[in-house]
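This report describes a single protein chain for a reader who has its sequence and coordinates at hand. Please look at the model first, and then read the sections below alongside it.

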Amino acid sequence: MKTQLVNPSAPEPAATAQTSPIAQLSKSRVGVLENGKQHAELILTSIAELLGAAHGVELVTVVHKSVAAAADPAVIDELVEKADWVLVGSAD
């Protein structure tokens with residue numbers, strides 16, 4: 001399965017990454033990509049913790065990016081390496 005990452009505000013072309021579908025939510029590893037919005041990290045990590053309590057989801061990493069720019073490729077690489085799936089972004 002191929003996943004396409006698109007940032008409509010960024011001038012660079014969309015990035016793509018080869019991924020596999022998540023077989024099940026239970027006991028999966030989630031990463032958080034926090035986008036700099038107020039309370040984004042709190043909201044996203046709280047969701048991950050609720051999923052942990054209900055489904056055994058493990059929060060494995062929290063990484064940060066600027067609200068005004070695309071995530072650095074090293075940040076994406078870290079998420080791909082550590083997590084099965086990612087919670088990303090938040091509104092004010």
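T61 belongs to strand β4, residues 58-64, and is buried at 7% relative accessibility; buried means under 20% relative accessible area, exposed over 50%, and partly exposed in between, with a 1.4 Å probe and protein chains only. Leaving aside neighbours within four places in sequence, T61 is in contact (heavy atoms within 4.5 Å) with V30, G31, V32, E78, L79 and K82.

## Basis of the model

The model is predicted, so that local features need pLDDT of at least 70 and side-chain atom pairs count only at pLDDT 80 or more, whereas totals for chains, interfaces and linings use all residues. Residues are numbered from 1 along each chain as its sequence is written, and side-chain values use heavy atoms, with hydrogens and water left out.

## Overall architecture

The protein chain has 2 helices and 5 strands, which follow one another from the N terminus as β-β-β-α-β-α-β; these elements are DSSP runs numbered from the N terminus, with helices (H or I) of at least four residues and strands (E) of at least two. Of its 92 residues, 26% count as buried, and residues 24 or more positions apart account for 66% of the contacts with a separation of 6 or more.

## Nonpolar cores

A nonpolar core is a set of buried Ala, Val, Leu, Ile, Met, Phe, Trp, Tyr and Cys residues joined through side-chain atoms within 4.5 Å. The largest one consists of 7 residues, namely V30, V32, L44, A48, V57, W85 and L87, and the elements giving two or more residues to this core are β3 (29-34), α1 (40-55) and β5 (85-88). Apart from it lies another core, of 5 residues, including L33, V63, A71 and L79.

## Positive phi in two loops

Most residues other than glycine have a negative phi. H39, in the loop between β3 and α1, has a positive phi near 70° and is partly exposed at 48% relative accessibility.
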